[in-house]
Amino acid sequence: MRPLFRLSIFWRRFLNIRLFIPFILVLFLVFEMTGKAGKTFAANLEPPKIVIIEFHGLKKDIIQDNLASLPHFRELIQGTGDKQSYIQLSNVFTTIPAASVPACTSMYTGLHPQNTGVVSTIWFDRKSTKVRTMISYGQQRINRILTENNVKTLYDYVGAAGKTSLNTMLMIDKGADWSIKSGLFFWGNSLTVAIFKNRKWFPDPWYMDHKTISGALTGHLFSYRKSLSGMLNKKGTIPDVTVIQLLGMDIMSHHPGASLTKQNATIDEIQQQYAENVLDPQMGRLIRFFKTNGIFENTIFFLVSQQGSIKIEKHIPDNIVAACLKPAFKLPGHSKENPSSEAIVMPGACTKEIYLKNRGTRNWLHPPGLLTEVKTAIDLLMDDDTITESINAMVVRQYPGERNEGIVENDVWWGFDWQFYQNGSRSDKAFFNALLPLKSGLHHFELKDYISESLTRQYTRETTPDIKLINKKGHYFEVDFKKYGHHGSYYPEDTVLSFWIAGPGLNAMIPQRHTIASATSTLDLIPMVAYFLDIEQPTGIDGRNPLAGLRP
Ligand SMILES: [Zn+2]
């Protein structure tokens, strides 16, 4: 049942001892100097402490369906003796795209991507003519965009109410009083462990999650004073809101290791195994720490996730779209500067975004011509069998009031009836006839209303692509053909999640158990936290509080 983890025990122990002697020494010295961490803290103080644990990439219902084999999750949710109250949100929609960077930014700000400015994982900005990506060593790019756009985070709202917050691991930490970052030390060791264990240059999920929990509880090398232990020791209490982001589930779902890959395991099986072998013991560490320090009884735990995962059924070479467009469009080289290019293609996943320049005016801010640029590009794509075998839908951008080619533009997108067009004459008239209202173009998607609303709220004027290909389920544009699972699609496995709000601190506020099966959103996180902390509900955000009325 657990060969992957059993095999690695030797290396795990060896590496831990070898690499963490300095860590352990420093911790020992800190403990010696400051006395035993964790003075007992009186329970049942009002209001409760909130601990948000984000299981990155955790699919809907994995915890619920496997509670019988997850003793620590069971204790956290149901309590010992199965007497605790809880709230289960069983139908939580994330924002589109269901990918770490934009989805987390939206969850921790309560705003759709177009309002945060972090519109995707990678996008083209027509104004600066630069490709934007949020990954950097300093991990500050998201925070900078939020600051530029005057966007408040969960931490800002908590701080404005005179309360305190701690962030662990999450890149978005604008406004947090304390932030425990992973740092190069952490990533370096994680990669080293992964190379020894899996012979792969990819972070080891167990190591990441174990060290993230350690970071939250006792701090990394120099961050003891920011950790929960450090705070209990110094202040006798923990912050009002603590966020712990555990990245392991996402990493595991992308690269589950040789044994599960060989078994052709489903993503559900992979996630179940990871929940049992890694996450549940980590929850055990957390529960023990909270109990030992007398803070368990007054804490409410939010167990959340920002996206799911899908097994890749077909890898499509990522450069295929650019190769199709090459005969008619000048494409950029490796440079990030793109003023002279005529088409910019984003790296793939389950969707593919194409930005087109108006070749007449040569200005990226002018809408490209429907016939001169958009139709030309689509004609080239329609000739490629690999592309037409993998796409499910296609959408074309509108520019209301900006482009006059004899067809009305009132919306953000058209749905493009590519099958009708591909099989027809491909005349200009046929092209215009294939441009449908967005929802009609998405008619074969189970979640067409949600997708159409979310697509409309994803981009800004400068960042909306002109053509978006939306693949069939499990078909992914990829450079890494060994990648096993992925996300970012518009299918329920990626976009619909479940949250739990639980822990002994909940009983005093909401004494019954509730399941909320109506549609809720990751955007609702901040309103829900505000509700439990009795702070003012934020105004002007896209999230709402689905718990209103539950408190007696
Ligand atoms: Zn991922």
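Hi everyone, let's start with a strand: β12 is mostly covered, with 6 of its 6 residues buried. Buried here means that 20 or more other C-beta atoms lie within 10 Å of the residue's own; with 12 or fewer the residue is exposed, and in between it is partly exposed, with C-beta atoms placed from the backbone. The burial in β12 involves both faces: T351, E353 and Y355 are buried on one side, and K352, I354 and L356 on the other.

Before going on, a word on what we are looking at. This is a predicted model, where local features need pLDDT of at least 70 and side-chain atom pairs count only at pLDDT 80 or more, while totals for chains, interfaces and linings use all residues. Residues are numbered from 1 along each chain as its sequence is written.

The pLDDT is the predictor's confidence in each residue, from 0 to 100. For this chain the average is 89, and 86% of the residues score at least 70. Please be careful with residues 1-45, where pLDDT stays under 50. The model has 46 contacts beyond four places in sequence for that stretch. A contact means that the C-beta atoms of two residues, placed from the backbone, lie within 7 Å.

Now the overall picture. The chain has 23 helices and 21 strands. These are DSSP runs numbered from the N terminus: helices are H or I with at least four residues, and strands are E with at least two. Of the 552 residues in the chain, 51% are buried. Among contacts with a separation of 6 or more, 72% are between residues 24 or more positions apart.

Back to β12 and its sheet. Which strands sit beside one another in the open sheet? The order is β11-β12-β16-β13-β14-β15, 6 strands with antiparallel pairing. Two strands pair if DSSP finds at least two bridges between them. The edges are β11 (343-345) and β15 (435-437), each of which pairs on one side only. From one strand to the next, the twist averages 30 degrees.

Let's walk across this sheet. A hairpin of 5 residues joins β11 to β12, and the two strands pair in the antiparallel sense over 3 bridges. On to the next pair: β12 and β16 run antiparallel and are joined by 4 bridges, and I354 stands opposite I467 in β16.

What lies across β11, β12, β13 and β16? Helix α16, residues 370-382, does, running at about 145 degrees to β12. For angles like this, axes are lines fitted to C-alpha atoms, for helices over the stretch in contact, and the angles run from 0 to 180 degrees between N-to-C directions.

Next, a pair of helices. Helix α4 (residues 71-78) packs with α14 (residues 267-292) at an angle of about 50 degrees, their axes 7 Å apart. The two are therefore oblique to each other; angles under 35 degrees count as roughly parallel, over 145 as roughly antiparallel, 65 to 115 as roughly perpendicular and the rest as oblique. On the α4 side, the contact is made by P71, H72, F73, E75 and L76. On the α14 side, D280, M283, G284 and I287 take part.

Within α4, F73, E75, L76 and I77 are buried. What covers the buried residues of α4 includes α3 (62-65), α14, β8 (299-304) and β19 (496-502). Just after this helix, G79 takes a positive phi of about 80 degrees.

Helix α11, residues 228-235, is mostly covered, with 6 of its 8 residues buried. Those are L228, S229, G230, M231, L232 and N233. G236 follows α11, and its phi is positive, near 80 degrees.

One last stop: M249, in helix α12 (residues 248-254). Why does M249 count as buried? Because M249 has 27 C-beta neighbours inside 10 Å. Leaving out residues up to four places away in sequence, M249 touches F55, H56, G57, L58, Q271 and Y274. As for W206, M249 is 43 residues away from it in sequence and 9.0 Å away in space, C-alpha to C-alpha.
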